[in-house]
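Here is a short briefing on one protein chain. It covers charged pairs, a sheet with its helix, and the nonpolar cores.

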Amino acid sequence: MEKLKIAGGYPLKGSIRVSGAKNSAVALIPATILADSPVTIEGLPEISDVEILKGLLEEIGGKVSFSNNEMMVDPSGMISMPLPNGRVKKLRASYYLMGAMLGRFKRAAIGLPGGCHLGPRPIDQHIKGFEALGAQITNEQGAIYLRADELRGAKIYLDVVSVGATINIMLAAVRAKGRTIIENAAKEPEIIDVATLLTNMGAKIKGAGTDIIRIDGVESLHGCRHTIIPDRIEAGTFMILAAAAGKGIVIDNVIPQHLESLTAKLREMGVHVEAGDDQIFVSPGSRLKAVDIKTLVYPGFPTDLQQPFTSLLTKAEGSAVVTDTIYGARFKHIDELRRMNANIKVEGRSAIISGAVQLQGAKVKASDLRAGAALVIAGLMAEGITEVTGLEHIDRGYSNLEEKLTGLGATIWREKMTEEEVEQLKSS
Ligand code: EPU
């Protein structure tokens with residue numbers, strides 16, 4: 001097991017490049033199952049979620065190669081192999097195998113998904129969608145079994161605006177008979193990216209990116225080449241980092257429109273943000289003002305940036321309220337930030353941050369992916385040395401993080417943990 005060590009307090013400068021979007025990648029890779037000839041996806045991030053999905057496609061008979069961020073999947077030899085346990089439990093997005101396998105084979109058996117522990121994360125809206133398309137679903141010993149004689153298009157109203165349910169229903173519906181209409185669909189850019197891949201494969205989809213998506217099922221889908229969108233959450237993490245510990249940072253390979261809610265909040269705090277075509281320049285103002293944020297579905301402030309933003313707020317003057325309306329319990333990073341001298345209390349779905357304080361280096365543990373990002377930012381802001389454990393979470397979603405940060409002048413490195421440290425971590 002490894003830990004990250006960060007010597008904080010040094011201003012960072014230069015440019016940093018954003019990788020392909022994790023939350024698109026984890027849907028695009030399963031989507032390749034739906035084709036009958038090879039699909040190539042360019043620009044994938046080098047993260048463990050991508051590696052796990054590659055292994056899962058191979059487990060069901062796919063031929064997969066992955067190098068230089070490009071994945072080629074030949075799905076022609078795939079079979080409807082049950083995947084009840086093992087690797088599927090390692091990531092939340094393994095639920096996309098349900099939609100994709102149901103779409104292609106009319107059957108699937110998938111272990112209940114794992115992923116970050118952010119409080120309850122039901123998949124009832126996915127199931128509701130699959131059932132509306134004609135699937136029979138049972139839940140046996142921690143796995144979901146889906147089976148349909150045929151899939152027929154249906155009108156599906158989502159009771160909760162869900163990224164995962166919107167994409168999963170799209171995956172199952174593209175090869176169903178007739179028209180599917182998803183109402184109250186999520187509008188995140190990753191949904192448009194998946195719809196673009198499916199359309200290039202021959203699917204007929206209209207309205208992705210709006211709250212009504214219409215899908216006319218087709219008999220078969222073919223291979224194609226697709227370039228993934230940049231990761232707006234990684235880009236947002238770097239923008240926050242630039243405001244927290246930067247001295248002028250250019251973030252490259254971004255779609256600035258995807259980050260408007262964050263840009264608005266940073267400007268409100270007094271941060272200088274300049275957007276170009278595919279890059280954003282961020283430099284902190286002389287004084288940072290506390291601002292409140294409330295997470296919402298896209299295009300609102302993303303829940304995935306709430307935790308990193310909280311680290312930044314410790315440096316702002318005044319009191320700020322961070323409310324997460326998507327995941328009301330996404331506050332496991334707060335105790336760790338407190339260890340670093342932050343003054344934060346949690347009340348219900350909100351964290352109240354009083355600043356400004358100077359963070360101090362400490363030994364902290366990442367409990368989930370974005371908590372990890374929050375702690376790395378805090379470590380770079382802090383005086384002294386910070387040690388971050390729980391790197392398996394960070395490695396799920398941030399590609400080559402230390403190399404990228406070292407490029408900005410950060411002093412950050414990985415070290416092997418001693419046996420004693422591993423024992424302590426297990427018992428904590
Ligand atoms: N929800 C339900 N029922 C469902 C599905 C969702 O009640 O059937 C609820 C959830 O509990 C949550 C809300 O609806 O309160 C939104 O959940 P959504 O389905 O949109 O989340 P998700 O698809 O499981 C994706 C990202 C998350 C991100 C959320 C919200 C992936 C693989 N994950 O999750 O990303 O936080 O959307 O934007 O795309 C991350 O990247 O760190 C991460 C956790």
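Arginine 225 is partly exposed in this predicted model, at a relative accessible area of 48%. Its side chain meets that of glutamate 70 in a salt bridge, 2.9 Å from N to O. Glutamate 70 is also partly exposed, at 30%. Arginine 225 sits in strand β13 (residues 225–227) and glutamate 70 in strand β5, so the pair ties together parts that are 155 residues apart in sequence.

**Other salt bridges**

- The count comes to 25 salt bridges.
- Arginine 87 forms a salt bridge with glutamate 59, with the closest N and O atoms 2.8 Å apart.
- Glutamate 402 and arginine 414 meet through their side chains at 2.5 Å, N to O, in a salt bridge.
- This pair links helix α13 (residues 401–406), which holds glutamate 402, to strand β23 (residues 411–416), which holds arginine 414; the two residues are 12 apart.
- Why does glutamate 402 count as buried? Its relative accessible area is 13%, and buried means under 20%.
- Arginine 414 is partly exposed, with 28% relative accessibility.
- A network of salt bridges links Lys3, Lys5, Glu387, Glu415 and Glu421.

**Sheet and helix**

- Four strands form an open sheet in the order β9-β10-β12-β11, with mixed pairing.
- The edge strands are β9 (155–157) and β11 (204–206); each has a single partner strand, so one side of each lacks a neighbour in the sheet.
- Neighbouring strands are turned by 15° against each other on average, direction ignored.
- β11 pairs with β12 (residues 212–216) in the antiparallel sense, over three bridges.
- Isoleucine 205 stands opposite isoleucine 215 in β12.
- Helix α5 (residues 163–173) lies across β9, β10 (179–183), β11 and β12. The helix runs at about 175° to β10.

**Nonpolar cores**

- The largest nonpolar core has 77 residues.
- Ile33, Leu97, Met101, Met170, Leu171, Leu198 and Ile205 have the most contacts inside this core.
- A second, separate core holds 68 residues, including Ala244, Val254, Ala290 and Ala366.
- Which residues does methionine 170 touch, not counting those up to four places away in sequence? They are Ile182, Ile191, Val194, Ala195, Leu198, Ile205, Ile213 and Ile215.

Technical notes
Residues are numbered from 1 along each chain as its sequence is written. This is a predicted model: local features need pLDDT of at least 70, side-chain atom pairs count only at pLDDT 80 or more; totals for chains, interfaces and linings use all residues. Side-chain values use heavy atoms; hydrogens and water are left out. A nonpolar core is a set of buried Ala, Val, Leu, Ile, Met, Phe, Trp, Tyr and Cys residues joined through side-chain atoms within 4.5 Å. Buried means under 20% relative accessible area, exposed over 50%, partly exposed in between (1.4 Å probe, protein chains only). Contact means heavy atoms within 4.5 Å. Two strands pair if DSSP finds at least two bridges between them. Axes are lines fitted to C-alpha atoms, for helices over the stretch in contact, and angles run from 0 to 180 degrees between N-to-C directions. A salt bridge is a side-chain nitrogen of Lys or Arg within 4 Å of a carboxyl oxygen of Asp or Glu.
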